[in-house]
Every structure is written in C-alpha cells, then in structure tokens.
Amino acid sequence: MKILEVSNINKSFGDFQAVNDISFSIEEGKIFGLLGPNGAGKTTTIRMIMNIIAPDSGTVSVLGKPNFGTAIDNVGYLPEERGMYRKMKVNEMLLFQTSLKSMKKKDAKVAIDNWLGKVDLLDWKNKKIEELSKGMQQKIQFIGTILHNPKLLILDEPFGGLDPINQNLIKDLMLEVKKNGTTIIFSTHVMEHAEKLCDEIFLINKSKEVLYGKLEEIKKSFGRENVLIEFDGNDEFLKNCDQIKKFNNYGNSVEVQLIKDGDSQKLLREAMASAFVSKFEIKEPSLHDIFIETVGEDNEEGGEA
Amino acid sequence: MSRKILAIIKREFWSRAKTKGFIIGTLIFPLFLVLIFGGIFIVQKVFQPSTRVYHVIDQTEIIYDKFSVILTDTLKNGKPKFQFVEEKVEDGNLDATMEKLQVKVRDEQIYGYLVVPSDVVESREIKYSATSVSDFEEQGALRWAFSKVISDMRLERKGLNADSIRHEIGMGNVKLVSSQVTDKGEIEKSGASSFLLTYILAYVMFLMMMIYGAMIMRSVIEEKSQRITEMIVSAISPFELMLGKIIGICALGITQLLVFGFMLFFIVKYGEPIVVGLGATDMGFIEIIKNIHFTLPIFLFFLFFFIMGFVLFSSIYAAIGAMVNTEDEGQQFMPPVIILLMVSYFVMFATVKNPATPMAFWASLVPFFTPLVMFGRIAVSDPTMPSGAYLSIFTMIFFTILMIWLAGKIYRVGILMYGKKPSIKEAIKWIRYK
C-alpha cells in the first residue's frame, strides 16, 4: 500500500516557483529521503504534504485519503522551524502534543515515560523546557512527534543544528521507529545521513525533480566510475591519462572520476608506469558524489544550515 | 476536531492561570482594596488628633460666651475636639497679650489663638493663629461657628428671631425622590449609584479588553518567535488555533472577574460586622458598594458585552500578532487599537448621561463602540432596553464574525511568515490568498 502519494504538485509565491511538478510515492515501512540543496523546495513540498499550505495544482494523498482528512492523527511531523513553549514542563508539553493527535491521556502517559526512558530524560520530566540544554530539547521535540505511534513520520531537516552525537541519537531513534512499522520521510541536504538511512531518495533542485528511485539502483546507474589510488612518486599520469574526467589529489592518494565508460585498467597501467601504486580501488559512487554531479558544484556552497 | 480546540483552550488557560503572576494578581487586587480601606481606618484610629486648645481674645466681650458652646464635636475616643479658653487682654495691651500667646503656641501648650475684634459684626474678620494653618476642616468648623454667632447678632439687630428664621429655612429644603419610568411602571432608583455602577463596570470591561487583548497578541508572537506554530497547525487548522486562543484567554479573564466579584461580595457581607466590631462609625466604602443596585440582568449583559467586545478586539490583536515577529514590532500596531478602545470608553461616558439621544443611538451602532456604549446605556436604563439595542447587538455580532473571519485569513498566512513584517497593504493581500 502506498502510504503517501504526491501527484504533480506545483506551488508559486508571487513570481517565484517554489515547487515545479513534483510527483512521488512511498511504500509502507520504508525510509524515504527528500534531498536537495538549501532553497530547492523541500520544505515547501513537505508543507504541502502536511496540508499547511495548499498546492496551486496537483494532489496529495496520505494513507489513501486526499488532503489528510482523518489521517492527520496517524502522521507525525517535525517541522524545520521547531520550538517549544519555554515555560511549560516537559511532561505538559508532550501531553499537549498528544492531545493534538487525539491520543488518550492514559496512553499518552505510558508512551511519554517509555520514550523519555529511552533517551535518558525521565529525570527531566517535570522540568521546564527552558531549563533543558539544546540537545535535550531536540530529543524532546523528536519524541513529541512519535508518541502517538504514527503510521507516517515526516521530518524536515531532523539533523539540522545537531552535534554529531545527537545526530547519531536521532538516527538511532529513526531506525527504532522504523522497526515499529512506521514509514519515514525526511528531508536533508547532508548526503551522509541519507546514504545511511534511505531506502529511496528523491533529489530536488531548483524546484524540480532531478533523481528519483531506490538508492541502490541509482548508485548502480551511476556506474563504477570512481577510483581511489594510493601511490608514491610522480603524479604526471593524472594530467596525461585521457580516461580521467576529474580528480581530487591529496598528495599520496587521489580520488579519480573516470569519463563515461572509461577504462579503469588503462588508468592503472599509466599510473604504474610513472609511480609506485600501493592501492587501486574501484568504488561505488557515494550519494555525495551523485549529488554534486547532478546538482552541480555551484550549488554545494550552501553547506550546513 | 472540537476536542483539539479544547486542548488549545486548556493550554492557553492553564499555562497562564497557574503562573504566580496571575494568582497573585487575582488575589492581591481585592486584598489591596481591603488593605487600603482597612489601612485608612487603622491610620485614623491610631493617629487620632488630641483635643485642640484655643485661646480666644474676645474684644466684644459678648461673642465668646455664645461661640464657645457651639462646637461640641467629639473625637473617636469621646473627648471633645475643641477646647476654648477665654484670654483677657492684660492692661489694655493687645500686642503683649498676643506675644504671650505666641510663646504658648510655640511651646505647644496650646494649639492656637483667635482674636475677635470689637467691630467684628461689621468687619467680619477674625484673626486665626496656629503653627499649622493647613487644616481646612478645622478652620471650616471655626468659621461656621463664628458665622452663626455673627449672623444671629445681625438678625437680632434688625429685630428678627434668628432661631425661627433658621428653622423655616431648614424646613424649606426639598428632596428629589427620583424614579425611573419603565415598561413595568415607575421604579424608585438612586441616580448616583446606578451611574457609579455603570462607570465602574464599563471601566473594568475596558481594562480587561485592553490587558487580555494584548495577552492574545503576546501569545501569538510567542508561538511565532519560538517556532511552535508550525507543529500546532500540522494538527489543527490555524483558524481553530486562533479560536482556541481567544476562547482560552477569554475564559481566563472571566475567571479573574468572577474571583474579584466573589471576593468583593464576601468583603461587603462579612467585612461590615468586622469593621463595626472594631469600632468604626464611618463605613464609607462599604456603604457605597452596598447602595449599588446590581441585578442579574446587568451581570448577564456585562458578561455578554465583555465576551463580544473581547472577541472583537482580540481578533484584531491576533491578526497583529501574526503579522509581526517580536513584541516590539507588535507595540507599533497597538496605539490605533488602544485609541479605539479609549474613544469607545469616552463615548460611553457621554452617552450614559443621556442614554436616549440620537447621538447615543448612533454611537452604539458603531461595532467597536457597541460593547461599552450599549452596555452603559442598558445598565442605566435597566430594566428597559434603550432604543436601537437589538439592532446594535445584531450589527455587532455580524461585524465580530466578519472580523474573526478576516483575522483568521491574515493569521493563517502570517504565523508562518518569518522575517520582515508586512505593511498593512500586504496583510490585506493575504486575505485573498488561497
């Protein structure tokens, strides 16, 4: 069953087209990555999925229901712009969030204790939000979106502004939620996360679809064009070999991208002719490489938000 | 859906009702009143003035005997307020006698002295000397007593009987028994107390609309600046969120009003015997409140107009909150709203005196004025409904619904807009957004 179906949605703000004819669908139980550089249209797409803004044209159907309807209580949503009432206690805040999802108070209390325990924050249950560190607040925000055990979890930049330890923690929580059968869609511009987590990706750039499909298949389609060479000696071969499209030289190791259908063995022969090769490895392209290749290097500047 | 609005209402209500500020404010205000009036009472009791001794130099030699028996006022402890001693001029030297008395005043042996000149009936001037000449009440009493003696003397000089004249003048005093013509016949009612009640209630309504309206705005700004809004509107529509806020904070205001009301009721009911038991004779404040003619219809009308006015103004406040990013920015939009409220209070003031004029009729048709003005007119005309009452109430209800709808449109777009605050023109454009 398709948990989410997005068909030909468009959205413009004045003269600016934020989302241009986007379509995709998600299978139950998968993790789906909505990838793209900053300003590509990820948040606008997610807001249209969440029915916070209406698309100019096109349709969204969640759990088989167009524009949510009653499905809204089965969805968890962590917006990119997220915060909490600073003066509220952790427990009150979480209870408030579950009541917005029509969850019974009794069930909510059990779920709150359960999840607070999992992230080691049970002792903070009756503390005010403003007393918590930023990392703790982000955990609480995440918990707030999954307490009601949603069928679909939508996370907009879940790793934004987190240190590596907390990034890892959120990643683990996502995997735990997935184990319970929840389908997850999340947006990010950091490809490493997507690479580790996603079953499927949708790459969006300048409001349009660039790549869409299963991560493995996308990687395969990009072929085996990346070569890592560790060597000692003259690096002349890098300039001379006609099989090289571009390379990144780190001194005694180099990452090489071959031209389309390039001959890796010819590169090896030329390298061996001018230098001592200690390692020669043909690599699968990383999502990062795919991202940069498809989106173009001028878009990479965005960096961490 | 309604259960979710309830969640918003509950949060808006309890997150404020549980704060120390609210609890203290709600309980302290009536206690503050009690303390002020209790304090005045205690201060009066503790700092009672002692008997004031005046020496009187009477150069007419007849006035003193008449004058000294008039002022028989006593202090709260039963002692006389005034004590007079006749001072004879020694050796015909007035100045020396006065100097002697001045020393006594300075040494605080006596409070002051009075010099009645021999031609006082013509000159009508009496010299009053004391270390402090600022006690007008006391001087008034002295002046009144002397005036009585002198006017009696002048009347008698014309061969008139002062006592009988005074008696006849007193008998000529007329009292106006005011009664109001209503549908159900005439009702006796004191003009002053019904105005007082109306002014007080309208003022409370005005204050509550201003304070609690601003609370709505701050609440919206908090959610916006703390980035909470998007999480909420993913579960509930922005319009429902706005309604939930308005209802929750309105309920908070009504709660506070009811607490004030109950406390005032108990203070009046149980305060009086306590104060009397403490030996009070002047009930002042409590007497005023007891005379107020407070009926159930007036109470219900008060609640009705308070709720309507609150909803009307808070929808404006909510729209402002959605348009801005910080409280400072919000403050810039406040003056027009506050001026509108103040004007409506002044218009109420003017119309209550003449509730049946065309001006009152038209003023109550302006939806922003209706809550205060119409309440004022209804309260003073109670139990008759003043002209145009139903028309203005329906106009107000219609307009309020329109304002909520418009505010909801602006709110919906504004709460997700961060960055530069929009101009009024842009905000109006938001209304047409899909």
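Predicted model: local features only at pLDDT ≥ 70, side-chain atom pairs only at ≥ 80, totals over all residues.
Residues are numbered from 1 along each chain as its sequence is written, while chains are lettered from A and ligands numbered from 1 in the order in which they are written.

View 1. Let's start with chain A, whose C-alpha trace spans about 75 × 45 × 35 Å along its principal axes. You'll find 10 helices and 14 strands in chain A; both are DSSP runs numbered from the N terminus, with helices being H or I of at least four residues and strands E of at least two. Of the 305 residues of chain A, 39% count as buried. Buried here means that 20 or more other C-beta atoms lie within 10 Å of the residue's own; exposed means 12 or fewer, partly exposed is in between, and the C-beta atoms are placed from the backbone.

**View 2. Strand 7 of chain A and its two partners.** Zoom in on strand 7 (residues 152-156) of chain A, where 5 of 5 residues are buried. Leu152(A), Ile154(A) and Asp156(A) point one way, Leu153(A) and Leu155(A) point the other way, and all are buried. Strand 6 (residues 75-78) of chain A pairs with strand 7 in the parallel sense over 4 bridges; two strands pair if DSSP finds at least two bridges between them. One of the places to look is Leu78(A), whose bridge partner in strand 7 is Leu155(A). Strand 8 (residues 183-188) of chain A also runs parallel to strand 7, joined by 5 bridges. Here, Asp156(A) has Ser187(A) as its bridge partner in strand 8.

**View 3. Two asparagines with positive phi in chain A.** Asn51(A) isn't a glycine, yet its phi is positive, at about 65°. Look for Asn51(A) in the loop between helix 1 (42-49) and strand 4 (57-62) of chain A. Is Asn51(A) buried or exposed? Asn51(A) has 20 C-beta neighbours inside 10 Å, so it counts as buried. Asn149(A) is also a residue other than glycine with a positive phi, near 55°. Asn149(A) sits in the loop between helix 4 (134-146) and strand 7 of chain A. Because 16 other C-beta atoms lie within 10 Å, Asn149(A) is partly exposed.

**View 4. An open sheet in chain B.** Four strands of chain B form an open sheet in the order 2-1-3-4, with mixed pairing. Strand 2 (82-86) and strand 4 (127-130) of chain B are at the edges with a single partner strand each, so one side of each has no neighbour in the sheet. From one strand to the next, the twist averages 25°. Strand 1 (residues 52-58) and strand 2 of chain B pair in the parallel sense over 5 bridges, and Val56(B) has Glu86(B) in strand 2 as its bridge partner. Helix 4 (residues 94-106) of chain B lies across strand 1, strand 3 (112-116) and strand 4, running at about 155° to strand 3. Axes are lines fitted to C-alpha atoms, for helices over the stretch in contact, and angles run from 0 to 180 degrees between N-to-C directions.

**View 5. The largest nonpolar core.** This core has 139 residues, and those with the most contacts inside it include Ile154(A), Met205(B) and Phe375(B). A nonpolar core is a set of buried Ala, Val, Leu, Ile, Met, Phe, Trp, Tyr and Cys residues joined through C-beta atoms within 7 Å. Helix 12 (residues 296-323) of chain B brings the largest share, 17 residues. Apart from this core lies another one of 16 residues, among them Tyr54(B) and Val149(B).

Methods:
Contact = placed C-beta atoms within 7 Å.
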